[in-house]
Amino acid sequence: MNDKQHTIKAPVTVRGIGLHTGVEATMTFCPAPVGHGYKFQRVDLPGQPTVDADVDNVVDLSRGTTIEQNGARVNTVEHTLAALVGLQLDNVLIQLSGPEPPIMDGSSAEFIKALETVGFEEQNALRNYYEIPDAIRFVDNSRGVEIAALPLSDYRLTVMVDYNSPVLGSQHATLTDIAQFKDEISSSRTFCFLHELEMLYKNNLIRGGDLSNAIVVVDRVVSDDELNELAKMLGKPRVAVKKEGILNNVDLRHKNEPARHKLLDLVGDLALVGRPLKGQILAARPGHAANVAFAKKIKKKMLEERTNSVPTYDPSREPVMDVNRIMATLPHRYPFLLIDKVIHLDDQVVTSVKNVTMNEPFFQGHFPGNPVMPGVLQIEAMAQTGGILVLNTVPDPENYWTYFLGIENARFRKKVIPGDTIVFHCQLLAPIKRGIAKMKGQAYVNGKVVCDAEMSAAIVRKDA
């Protein structure tokens, strides 16, 4: 799995009709900066509003996953998101000229082909993985659905489906490495049963459905009159049933293509958690409603841990910012540059590291013979860490100053001495408004809090 975040090198466009709305749309994948994540932008609406690919924005699960935000709605997002996850892309803006991504061939394969034509770009930031800490389970007894996430230092998924159908029977599909998504899963097309077609059509769904972009499973004897009605409904001169129970002349790409497509849907729906996952996902009879409910459980757990978790520091991993990049952002220099590297940075959180040595100049005069790092300098180092976070919100940080306005509830809990490695962690407490940021900062040594405080800062242009 990728260690660094990735985006695409250039915009790329696909066109087609939406599966359920039947509306033709152009969809353009655009490069996006570090920490951007996946966002859809309805360029056909006034103000071109954006919709975050977030499980909290899900508003409808009639037949696919629909999200809405800022007065804009995007239908059937799962195939598009699955392609991005499968390619291990982190930051992409998806501009859409209609209410629904094109269905293409009913899978994610065409999106992947398009994205590969422009290539991928590594970004100077680590991927913000959420590693499943312990078992997370979702059960819906009424539908026989069970989904579980178990700890694993990789991303693996297994899906089992049982349709009580003589044609499909029980099937399962497994993805042991996300890098295999393109070859093993992405080409698996959406499907439905014959008895569902009329219901979907009467409910104003599958207006863009076609025998070229969906598999129709026929699990009962069908009369010639019914076939004629189906042909009329689908706008075809005629339709027929193949001996294996698939409508018309569609050949399955995999013997277990329906199960593989359910796995594809699961990958796309779990993208709505908002972070790449590490864990083993086991799903029995999943569907969009269950997938989204499960994604909400994961996100809830993730947010709880984000609030209470102790940041981890692996010195073997390449930092997001080394000291040279820190100096290109902050104006501080020796002896007042008090952080050595940044190991995590997104739009809400920053984590930095300082290695405390006996050579620090402040040890010459602060408790000689009993070297203890001054608490005010711990707060200053925390403030510099917060400055990195605030400056990350503007495209040209070199043209801004950050001035700290206040420190509240500062507490010093343990001594910091030579040989300690301090991990500073700052998180925004509210969105930045009018250039004012409020954040909570904590400093850890060996996983224990040594000091914490709430800080306010202003961001000001240098030429203001």
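Helices α1 and α2 are oblique to each other, because their packing angle is about 45° and angles count as roughly parallel under 35 degrees and as roughly perpendicular from 65 to 115. This is a predicted model, so please take what I say as computed. For orientation, α1 covers residues 78-86 and α2 covers residues 109-118, and their axes lie 9 Å apart. The crossing of this pair is right-handed. On the α1 side the contact uses His 79, Thr 80, Ala 83 and Leu 84, and α2 brings Phe 111, Ile 112 and Leu 115. By type, that contact has five nonpolar residues, two polar ones and no charged ones.

Helix α6, residues 257-270, packs on α1 at about 80°, with 7 Å between the axes. At that angle α1 and α6 are roughly perpendicular, because the range for that word is 65 to 115 degrees. From α1, the residues in contact are Glu 78, His 79, Leu 81, Ala 82 and Val 85. Facing them in α6 are His 261, Leu 264, Asp 265, Val 267, Gly 268 and Asp 269. This contact divides into five nonpolar, three polar and three charged residues.

Note on methods: Residues numbered from 1 in each chain as written. Predicted model: local features only at pLDDT ≥ 70, side-chain atom pairs only at ≥ 80, totals over all residues. Heavy atoms only, no water. Axes fitted to C-alpha atoms, helices over the stretch in contact; angles between N-to-C directions. Helix = DSSP H or I, 4+ residues; strand = E, 2+ residues; numbered from the N terminus. Parallel < 35°, antiparallel > 145°, perpendicular 65-115°, else oblique. Left-handed = near helix turned anticlockwise from the far one by under 90°. Contact = heavy atoms within 4.5 Å. Nonpolar A, V, L, I, M, F, W, Y, C, P; charged D, E, K, R; others polar.
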